[in-house]
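Thanks for coming. I will go through one structure today, element by element. Please look at it first.

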Amino acid sequence: MLPARRSGSDERRLLGEMLIEAGLVSRRGLESGLEAQRTGGGRIGFNLLRMGLVTPAELYLFLRDTLGVLSPDLIETLTTGPAVDLLPARIAHHHGIVPIRVEDGCLALAVADADNPFLLRALEQLTGLRIDPVVCPPALIAAVLDRFYPSELEPGVWFRPFGDGVFALSDRRRGIRPLRPEAVRPEAPASHWLRALGGEAIGRGARSIRLEPRRRELEVTFAGAGGALETIRLPGGVHAGLARLIEGLARIGSRGRVVPRDGRITWLVDERRIAVSVRGVPGLEGEGFTLELRVERMESMASGDLAADLPPLAAAISRIAGRGNGLILLAATSVVEARAGLGAVLTLLDGRRPRRAAIGDWAAGTNLAVLARRSDEEDLPSAPLLARALADDPEVLALPWIEGQEWTRAAFAGAHDRIVVAPIMAADAPGAARRLRQAGTGLPGFGSEIGDVGVIGVRAMERLCGACRRPCDPATIITAAGAGNAARGDYFVSHGCPACRGSGTLALEPVLEYLDLGAEDGGRRSADPGAVPAGEGRRRPSLFEAGLRKAAAGRIDAREPIRFLLHEQT
């Protein structure tokens, strides 16, 4: 049974007072929002966001800490039984929305922005219900999308609620391959056209693809490393479907007016990964897109930098090295991030436990290349692979992705007498803890004999380009007060130039957080995945704050942590 909901007047009064106290809105701004609510209806948070009276990023941080108090029944409904059957998965993923519940012919809809006035009208036509938009933190929406909606909506196309969207350009095992553009039927799905253009670009050795809609055709230009241009023309009707697919995969279809329409897609070419940077550019005949094809290069971190950035992690690894047992999970959204997390663990171990083994070739990504669940693949059998890996009694064991109970049990069991490192597909460290609990395998009473059990959250964020960086004032998006302990420094963004966008290389920097799951107290602290161990005196720093610190130090593009906050931050 759901808890009793607050009345509309109570919600308006409580939320308004809290927003003013937090400094997110002025009293005059609140009065304007309340007047708009009285005349046009809707909730106060949505009206404030729609009228530009509150900054989205600040509102998300505010709701992250207060939504459970303001609307506990909303949180319970979203996390246990949202009305997902009312909206197709593609629409929910593309726009970043989740239907909550229906009451008296009105559908409460979780949204993260208020920038598309036509979306709500279209949804009313689709569902036959009045729409009541409820502003929720993007992380909450992403978690619900991940749990209740499928991610692979058609073969080789994964709309993921966190991390980059994934598109299989070719996969021999699944019979996915690109056709030549001239062999694709005009009425073919947009994925066939994108696959054909991607294959053509790789065949031509192009580093970028520019899609420009004209009145009766779609002009596609391939640019090579030397700037040479080659253009082909496609039927004009292809553009609409391609645009929707690219926007959805790059996760810019749900982005509001605050962040530039920049995003990334991961293309899989069998075992290879290609990072595709996407930029949407408005035009007279519709929105055009530029897709830059780049190879990911992750920067390594020195032991001293890791210890300075994450003292709790350094202390945990030191204890693990001394005892010789423990479990470190790597919350990551890609194989690149998982490898960076493993590298951080090995760097901090500093050779103190030299005998190592891995299931799967971590260096090449084998057994780690599957970035999303695939319906035609079963879990790898753990018993024979474990037996082979344990033959030489390694002190450090790296496992493949934790997906399913078999590998989760193997990870916890193996950590009794050695150091086990295992990646888990999650947006961040608290998300990994929740995923374990939701799967029914998480955080058993593992006892102190395992030693430390923790999660390293790893996200790859784009480094600044020294050739084209320009100053950025993040206060236009989020204030230092809203960001908690925002680092002071000079923030920059990369404008885009041949040295970075045209270089064929995407330089990434790992941004880390550490969450202690409380092994030594029987897992009791794990009930609050964001809690800080006693004595630390402040909230555990998040990935967003870690990204801000690196941006302030001039190491990564300032848009990277902001983009993470606006669409994934927990």
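Helix α7, residues 117-127, lies across β2 and β3 and runs at about 130 degrees to β3. Helices (H or I, at least four residues) and strands (E, at least two) are DSSP runs, numbered from the N terminus. Axes are lines fitted to C-alpha atoms, for helices over the stretch in contact, and angles run from 0 to 180 degrees between N-to-C directions. Contact means heavy atoms within 4.5 Å.

This is a predicted model, where local features need pLDDT of at least 70 and side-chain atom pairs count only at 80 or more, while totals for chains, interfaces and linings use all residues. Residues are numbered from 1 along each chain as its sequence is written, and side-chain values use heavy atoms, without hydrogens and water.

Now the sheet. The sheet is open, with three strands in the order β1-β2-β3 and mixed pairing; two strands pair if DSSP finds at least two bridges between them. β1 and β3 are the edge strands with a single partner each, so one side of each has no neighbour in the sheet. β1 and β2 run antiparallel, joined by five bridges. V102 has L107 in β2 as its bridge partner.

Next, helix α5, residues 72-80. Which of its residues are buried, meaning under 20% relative accessible area with a 1.4 Å probe, protein chains only? They are D73, L74, T77 and L78. These residues lie on the same side of α5, because they cover an arc of only 130 degrees around the axis, taken from the directions from the helix axis to the C-beta atoms. They pack against α4, β1, β2, β3 and α8.

Key: Buried means under 20% relative accessible area, exposed over 50%, partly exposed in between (1.4 Å probe, protein chains only).
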